[in-house]
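Subject: Structure handover

Hello,

Here is the structure I said I would pass on. My notes on it follow below.

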Amino acid sequence: MTEISAAASGQFTLGDIQVNRLGYGAMRIVGDGIWGQPADKKSCLETLRRLPELGVNFIDTADSYGPDISEEIIREALHPYDDLLIATKGGFTRHGPNIWKPVGRPEYLRQTVLMSLRKLGLEQIGLWQLHRVDPLVPEDEQFGAIAEMQKEGLIRHVGLSEVSIAQIKTAQRHFPVVSVQNMFNLVTRTHESVLDYCTENNIGFIPWFPLGAGDLAKPGSLLDTLSKEKGYSPSQIALAWVLKRSPVLLPIPGTSKVKHLEENVAAASVHLTDEEFQLLDQLGREAPETPGPGA
């Protein structure tokens with residue numbers, strides 16, 4: 001069997017931390033509705049412990065996944081995180097399965113950072129991301145509070161999630177934005193202009209739900225044909241397209257199963273020709289968008 005490694009996806013530097021571009025999203029190591037304990041914690045721990053062996057050194061989580069549970073399981077599986085970047089997010093409160101409410105008050109954001117430090121067992125969070133900009137709190141108040149925590153050394157680098165170019169520019173008045181985490185995949189292209197801005201400014205773009213392919217994965221489609229020709233699944237081809245779309249893209253497919261993880265990482269070795277990429281790109285633009293799984 002050919003050795004698979006996330007290193008085949010290439011590298012990107014977030015601030016001063018270099019990671020392999022193909023990362024891992026830890027939203028799926030909790031219960032249904034991104035709520036409560038996972039159905040199979042043993043499988044989640046095995047999956048997390050397989051990550052370093054596969055060259056995955058960038059893990060994305062959030063305090064709201066569980067809530068708290070994703071961060072706690074990551075600590076149990078991987079602490080002290082040798083050569084791993086554990087990125088987390090804060091700014092959402094949870095009141096039940098699939099219920100998300102943004103809270104951007106400065107005192108709450110500070111509380112989320114302090115709690116994440118404790119749960120992850122860290123003295124400093126390498127990359128902390130504002131999970132959502134709270135529309136009820138002035139943006140400068142939210143960004144100012146984050147800047148203060150960065151100055152204190154609680155967080156090393158700052159990212160944003162589900163934001164516009166205008167919001168990125170506002171945040172940049174307070175701190176360097178090293179990453180943006182917006183939904184993006186082969187058929188979900190709403191944030192194409194944000195991706196282009198990030199590419200031009202060397203800001204990491206972390207696309208959540210990166211495996212989405214919608215109707216393009218149907219039998220007889222170009223995606224289906226390419227998958228048969230290359231010996232990879234349609235989702236692996238869709239992930240390879242994401243990696244080829246821009247050098248700043250850092251996809252974070254998530255799973256709680258080792259087998260699925262290995263399949264995702266194997267996509268780093270898929271080669272698409274420029275012609276294949278362009279054909280998929282055009283079909284993706286024409287296809288209806290696929291709803292995402294949540295935050």
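A polar atom of the side chain of serine 221 lies 3.1 Å from the backbone nitrogen of aspartate 224. This is a predicted model, and every value here was computed from it. Serine 221 sits in the loop between strand S11 (204–205) and helix H7 (222–230). Its relative accessibility is 15%, and because buried means under 20%, serine 221 counts as buried. Leucine 283 is 62 residues away from serine 221 along the chain, yet the C-alpha atoms of the two are separated by 9.8 Å.

Next, arginine 245. This residue belongs to helix H8, which covers residues 234–245. With 17% relative accessibility, arginine 245 also falls under the 20% limit and so counts as buried. Its side chain makes a polar contact of 2.8 Å with the side chain of glutamate 192. Leaving aside residues up to four places away in sequence, arginine 245 touches Phe184, Glu192, Leu195, Asp196 and Phe277.

On helix packing, helix H5 (residues 165–172) packs with helix H6 (residues 192–200) at an angle of about 35 degrees, and their axes are 9 Å apart. On the H5 side the contact is made by Ile165, Ile168, Lys169 and Gln172, and on the H6 side by Ser193, Val194 and Tyr197. Sorted by class, these are 4 nonpolar, 2 polar and 1 charged residues.

As for the interior, nonpolar side chains tend to be buried together in soluble globular proteins. In this model the largest nonpolar core has 57 residues, and Phe58 and Ile146 are those with the most contacts inside it. Helix H8 gives the most to this core, with 5 residues.

Last, the cysteines. How many disulfides does the structure hold? The number is 0. Cysteine 44 has 2% relative accessibility and therefore counts as buried. Cysteine 198, at 0% relative accessibility, counts as buried as well.

Regards

Notes:
Residues numbered from 1 in each chain as written. Predicted model: local features only at pLDDT ≥ 70, side-chain atom pairs only at ≥ 80, totals over all residues. Heavy atoms only, no water. Disulfide = S-S within 2.5 Å. Buried < 20%, exposed > 50% of the residue type's maximum accessible area, 1.4 Å probe, protein only. Helix = DSSP H or I, 4+ residues; strand = E, 2+ residues; numbered from the N terminus. Polar contact = N/O pair within 3.5 Å; in protein donor to acceptor, adjacent residues only side chain to side chain. Contact = heavy atoms within 4.5 Å. Core = buried A, V, L, I, M, F, W, Y, C linked by side-chain atoms within 4.5 Å. Axes fitted to C-alpha atoms, helices over the stretch in contact; angles between N-to-C directions. Nonpolar A, V, L, I, M, F, W, Y, C, P; charged D, E, K, R; others polar.
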